[in-house]
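Colleague: Please put the model up, and then take my questions on two of its residues.

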Amino acid sequence: MKQATLFSLSVFLLFWSTTLGISPAPAAAPKAPATKTPHTPKAAAPSPKPLVPTLPQSPDSPDSVPDDITIILKKAKMFSTLIRLLKTTEIINNVNSQLITAKTGGITILAPDDSAFSNLKAGFLNSLNEGQKIELVQFHILPQFVSSSNFDSLSNPVQTVAGKDPVRLPLNVNALGNSVNISTGVVNATILGVVYSDNKLGIYHVDKVLLPLDFFATSKAPALAPSSLAKAPKAAKENSSEDDQGETKQDQNKSGAVSLVGHGGTKFMSLGIALMAVATMWG
């Protein structure tokens with residue numbers, strides 16, 4: 001009887017739980033993974049502003065270094081005289097070879113335009129010998145690449161292909177704001193803009209021909225003062241007269257004779273001859 005009662009009670013509870021929809025408590029929801037705040041990259045520092053502006057007529061810089069810089073200069077249409085000097089001095093061959101073979105360093109060319117050459121004294125270029133023409137072109141080439149924003153980092157005097165001699169070949173660069181000025185001791189020039197620039201070659205337009213100081217150095221000794229030159233012959237004449245008189249006196253002392261020459265002797269000799277002639281006539 002007890003078993004039947006327990007069975008009936010179990011069936012009732014099962015029916016009751018099913019009817020009421022009693023279900024086991026839901027499992028706790030999993031915790032959401034913690035999210036990290038995304039890292040905001042710092043803004044890149046602005047690149048330094050170029051000291052030298054790019055010229056409107058400048059050719060585009062290719063990915064590779066050109067093998068002939070005259071092509072660049074021709075495109076700019078204002079450097080005919082410089083191109084001619086580069087070719088006649090054969091420096092163009094050395095420059096092109098260095099650009100092709102050099103792995104580091106590079107070259108910077110300070111290029112005067114045709115107007116700058118025309119402002120030179122008439123016949124100046126023709127008056128230079130071959131060695132001077134070579135030095136003139138080399139004086140416009142720096143044996144390193146200088147970007148348009150790095151002229152203020154150069155140390156004066158700046159070395160050129162012509163050499164680094166502060167006495168003979170001074171080249172001083174002064175970069176201030178957006179202006180770059182160059183002084184050679186003879187001329188003061190200004191860089192007007194970038195003709196061409198990549199990671200090995202920089203060509204910059206300058207408004208004047210950079211003349212080396214040693215073209216105008218003189219080695220002549222200073223002329224003597226006119227007063228010294230005027231007095232010298234007189235002093236020599238007086239010394240000569242005194243010497244002659246001294247020698248005459250010495251001769252007189254040795255021989256006991258008196259010289260008539262120079263003290264009216266000629267007149268006395270003539271008078272003596274006349275008296276002898278009269279005595280002969282009366283004798």
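Predicted model: local features only at pLDDT ≥ 70, side-chain atom pairs only at ≥ 80, totals over all residues.

Modeller: Residues are numbered from 1 along each chain as its sequence is written, and side-chain values use heavy atoms, with hydrogens and water left out.

Colleague: What percentage of the 283 residues count as buried?

Modeller: Buried means under 20% relative accessible area, exposed over 50%, and partly exposed in between, with a 1.4 Å probe and protein chains only. Of the 283 residues, the share that counts as buried is 30%.

Colleague: Is Thr108 buried or exposed?

Modeller: Thr108 sits in strand S1, residues 107-112; strands are DSSP runs of E with at least two residues, numbered from the N terminus. Its relative accessibility is 0%, so Thr108 is buried.

Colleague: Which residue has its backbone oxygen 2.6 Å from a polar atom of the Thr108 side chain?

Modeller: Contact means heavy atoms within 4.5 Å. Beyond four places in sequence, Thr108 is in contact with residues including His140, Gln144 and Tyr204. The backbone oxygen at 2.6 Å from the side-chain polar atom belongs to Gln144.

Colleague: How far apart in space are Val161 and Gln138, C-alpha to C-alpha?

Modeller: Val161 lies in the loop between strand S2 (141-142) and strand S3 (172-176), and is partly exposed at 39% relative accessible area. Its contacts beyond four places in sequence are Gln138, Ile141, Leu142 and Pro143. Val161 and Gln138 are 23 residues apart in sequence, and their C-alpha distance is 5.0 Å.

How values were computed: Helix = DSSP H or I, 4+ residues; strand = E, 2+ residues; numbered from the N terminus. Polar contact = N/O pair within 3.5 Å; in protein donor to acceptor, adjacent residues only side chain to side chain.
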